[in-house]
Amino acid sequence: METPPFLQTAGDPLAIAVFASGTGSNFRTLLAHSEQGMLGRGCIVCLVSDRPDSGAVAHAMSRGLPTFTATHQEVGGRKAFEEAALAFLASHGVRWIVLAGYMRLVGRTLLQAYEGHMINIHPSLLPHFPGLDAPAQALSAGVSETGVTVHYVDAGMDTGQIIAQTRVPILPNDSLAALTTRIHAAEHELLPRIVAQLCSDAMDTK
Ligand code: GRF
């Protein structure tokens with residue numbers, strides 16, 4: 001009988017790439033967990049960014065983490081960017097992709113290679129408030145709570161299968177800054193926990 005793939009790789013580290021475009025607080029949290037061996041078998045091995053001037057890239061450089069970064073414009077569009085990223089991911093043996101503030105829709109090139117092994121963190125209780133500025137959308141809607149969602153990535157905008165959510169209250173007279181801080185705190189707890197779960201032996205069958 002053939003050995004199931006997850007048993008063939010039991011005990012090996014599972015290489016994870018983080019994609020980020022911004023400040024990179026979720027990336028920094030994930031990398032810190034990885035450096036302390038707190039992602040189960042998961043290990044952050046590289047960063048991909050479409051913003052060479054981002055905080056995420058600066059942090060990766062400061063930690064000596066292999067980084068692929070270029071603007072879409074520099075390389076000739078999304079398809080070319082994803083093809084170059086794919087070659088970079090392959091050279092690092094990447095098995096999982098975590099989008100942590102990656103401000104681009106993922107195209108067919110990356111989806112074909114990684115669908116089912118690519119997750120995203122979004123700052124709302126999806127399906128409510130997909131897309132940009134989700135905390136501001138929640139404040140304007142006048143709802144009493146919002147939250148954060150970790151979900152699989154598909155071709156849509158924040159439409160993939162939901163894996164886990166954390167609720168975050170919206171307080172009377174909340175400011176956008178205060179709400180965003182609370183949302184970030186929830187993200188920094190939820191995302192590493194879910195990445196560790198997904199990288200456990202039982203879940204990894206690719
Ligand atoms: C996070 O709120 C994440 O949910 C959203 O973009 C933000 C990125 O923040 N997709 P940071 O760059 O990780 O600080």
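# Close-up views of a predicted model

**View 1. Asp158 in its loop.** Asp158 has its place in the loop between strand E6 (145-152) and strand E7 (162-169). The model shown here is predicted. Phi of Asp158 is positive, about 60 degrees, although the residue is not a glycine. Is Asp158 buried or exposed? Its relative accessibility is 15%, so Asp158 counts as buried, the cut-off for buried being under 20%.

**View 2. Ile163 and His151.** Ile163 is placed in strand E7. In sequence, 12 residues separate Ile163 from His151. In space, their C-alpha atoms are 5.0 Å apart. Ile163 counts as partly exposed because its relative accessibility is 27%. That value falls between the two limits, under 20% for buried and over 50% for exposed.

**View 3. The shell around the ligand.** Which residues are around the ligand? They are Gly22, Thr23, Gly24, Ser25, Asn26, Gly101, Ile121, His122, Pro123, His184 and Glu187. By type, this shell divides into 8 polar, 2 nonpolar and 1 charged. Three elements each supply at least two residues of the shell: helix H2 (25-35), strand E5 (118-122) and helix H8 (176-198). The ligand itself sits in the largest pocket.

**View 4. Ligand atoms and the protein backbone.** Backbone atoms of Thr23, Asn26 and Ile121 feature in this view. For Thr23, a polar backbone atom is 3.4 Å from an oxygen atom of the ligand. For Asn26, a backbone N or O atom lies 2.9 Å from a ligand oxygen atom. What kind of ligand atom is 3.2 Å from a polar backbone atom of Ile121? It is a nitrogen atom. On its own, the ligand has 360 Å² of accessible area, and the protein covers 85% of it.

**View 5. Asn26 and Glu187.** Asn26 lies in helix H2. Both Asn26 and Glu187 are among the residues around the ligand. Their side chains are joined by a polar contact. Asn26 counts as buried because its relative accessibility is 8%.

**View 6. The loop between E5 and H7.** Pro127 has its place in the loop between strand E5 and helix H7 (134-141). A cis peptide bond joins Leu126 to Pro127. Omega for this bond is about 15 degrees. Asp133 lies in the loop between E5 and H7 too.

View 7. Where is Asp53 found? Its place is the loop between strand E2 (42-49) and helix H3 (55-62). Asp53 counts as exposed because its relative accessibility is 59%. Asp53 and Ala70 are 17 residues apart in sequence. From C-alpha to C-alpha, the two are 9.5 Å apart in space.

Terms used:
Residues are numbered from 1 along each chain as its sequence is written. This is a predicted model: local features need pLDDT of at least 70, side-chain atom pairs count only at pLDDT 80 or more; totals for chains, interfaces and linings use all residues. Side-chain values use heavy atoms; hydrogens and water are left out. A residue is near a molecule or strand if one of its heavy atoms lies within 4 Å of it. A polar contact is a pair of N or O atoms within 3.5 Å; within protein, one must be able to donate a hydrogen and the other to accept it, and residues adjacent in sequence count only if both atoms are side-chain atoms. Accessible areas come from the Shrake-Rupley method with a 1.4 Å probe; for residues, only the protein chains shown count as cover. On a 1 Å grid over the protein atoms alone, a cavity is a set of points where a 1.4 Å probe fits but cannot get out, and a pocket is an open set with protein on both sides within 12 Å along at least five of seven lines; lining residues have an atom within 4 Å of a point. A molecule sits in a cavity or pocket if more than half of its atoms lie within 2 Å of its grid points. Helices (H or I, at least four residues) and strands (E, at least two) are DSSP runs, numbered from the N terminus. Ala, Val, Leu, Ile, Met, Phe, Trp, Tyr, Cys and Pro count as nonpolar, Asp, Glu, Lys and Arg as charged, and the others, Gly among them, as polar. Buried means under 20% relative accessible area, exposed over 50%, partly exposed in between (1.4 Å probe, protein chains only).
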